[in-house]
Amino acid sequence: MAAGYFESPEAAALAGWSQTPKAAARVAQVTLRRRRAEVVLDLEPAYREWVYCVHGADGWRTTLSGNGPTPDWQDATAYRWEP
């Protein structure tokens, strides 16, 4: 698998927190829309992170994230959804 790509949107979302073990990142919810995914992470202490991923030939990668939901993430033309 190419660098920066993962086998699942969950793995792509959690990879960004792998260097922060005290955050105790865990997947709370995943919503798939064709080749796009919204992954909601629970972090310690009592914090949520929304991570948006896209699937391409090399696997899943993160395209954007933030501390709240992103409107229109389901729209393939709204953000950098190129795989």
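Analyst: Partly exposed means a relative accessible area between the two cut-offs: under 20% is buried and over 50% is exposed. The model discussed here is predicted.

User: Why is Arg48 called partly exposed?

Analyst: Its relative accessible area is 37%.

User: What makes the pair Arg48 and Asp42 a salt bridge?

Analyst: A salt bridge needs a side-chain nitrogen of Lys or Arg within 4 Å of a carboxyl oxygen of Asp or Glu. For Arg48 and Asp42, the closest N and O atoms are 2.6 Å apart. The distance is within 4 Å, so the pair counts as a salt bridge.

User: How many salt bridges does the structure hold?

Analyst: There are two salt bridges. Besides the one between Arg48 and Asp42, the side chains of Glu44 and Arg26 meet in a salt bridge, at 2.9 Å from N to O. This pair links distant parts of the chain, with Glu44 in the loop between β2 and β3 and Arg26 in strand β1, 18 residues apart.

User: Are Glu44 and Arg26 buried, exposed or partly exposed?

Analyst: Glu44 has 39% relative accessibility, and the value for Arg26 is also 39%. Since 39% lies between 20% and 50%, Glu44 and Arg26 count as partly exposed.

User: What kind of peptide bond joins Glu44 and Pro45?

Analyst: The bond is cis, with omega at about -10 degrees. Most peptide bonds are trans. Pro45 is found in the loop between β2 (36-43) and β3 (47-56).

User: Which residue in that loop has a positive phi without being glycine?

Analyst: Ala46 is one of them, lying in the loop between β2 and β3, and its phi is near 50 degrees. Arg34, in the loop between β1 and β2, also has a positive phi, near 55 degrees. Most residues other than glycine have a negative phi.

User: Why are Arg34 and Ala46 called exposed?

Analyst: Arg34 has a relative accessible area of 80%, and Ala46 has 82%. The cut-off is over 50%, so Arg34 and Ala46 are exposed.

User: How do you know that Thr31 is buried?

Analyst: Thr31 lies in strand β1 (residues 26-33) and has a relative accessible area of 17%. That is under 20%, so Thr31 is buried. Leaving aside neighbours within four places in sequence, Thr31 is in contact with Arg36, Ala37, Glu38 and Trp73.

User: What joins the side chains of Thr31 and Gln29?

Analyst: A polar contact of 3.5 Å joins the side chains of Thr31 and Gln29.

User: What makes Trp60 buried?

Analyst: Trp60, in strand β4 (residues 59-66), has 10% relative accessibility. The value is under 20%, so Trp60 counts as buried. Trp60 and Arg48 are 12 residues apart in sequence and 21 Å apart in space, C-alpha to C-alpha.

User: Why are Val27, Val30 and Leu32 called a nonpolar patch?

Analyst: A patch takes residues with over 30% relative accessible area and no salt bridge, and nonpolar side chains, including Val and Leu, are joined within 5 Å. Val27, Val30 and Leu32 form such a patch on the surface, with about 210 Å² of accessible area together. Of these, Leu32 is found in strand β1.

Notes. Residues are numbered from 1 along each chain as its sequence is written. This is a predicted model: local features need pLDDT of at least 70, side-chain atom pairs count only at pLDDT 80 or more; totals for chains, interfaces and linings use all residues. Side-chain values use heavy atoms; hydrogens and water are left out. Helices (H or I, at least four residues) and strands (E, at least two) are DSSP runs, numbered from the N terminus. Buried means under 20% relative accessible area, exposed over 50%, partly exposed in between (1.4 Å probe, protein chains only). A polar contact is a pair of N or O atoms within 3.5 Å; within protein, one must be able to donate a hydrogen and the other to accept it, and residues adjacent in sequence count only if both atoms are side-chain atoms. Contact means heavy atoms within 4.5 Å. Patches are made of residues with over 30% relative accessible area and no salt bridge: like charges are joined within 9 Å, nonpolar side chains (Val, Leu, Ile, Met, Phe, Trp, Tyr) within 5 Å. Accessible areas come from the Shrake-Rupley method with a 1.4 Å probe; for residues, only the protein chains shown count as cover.
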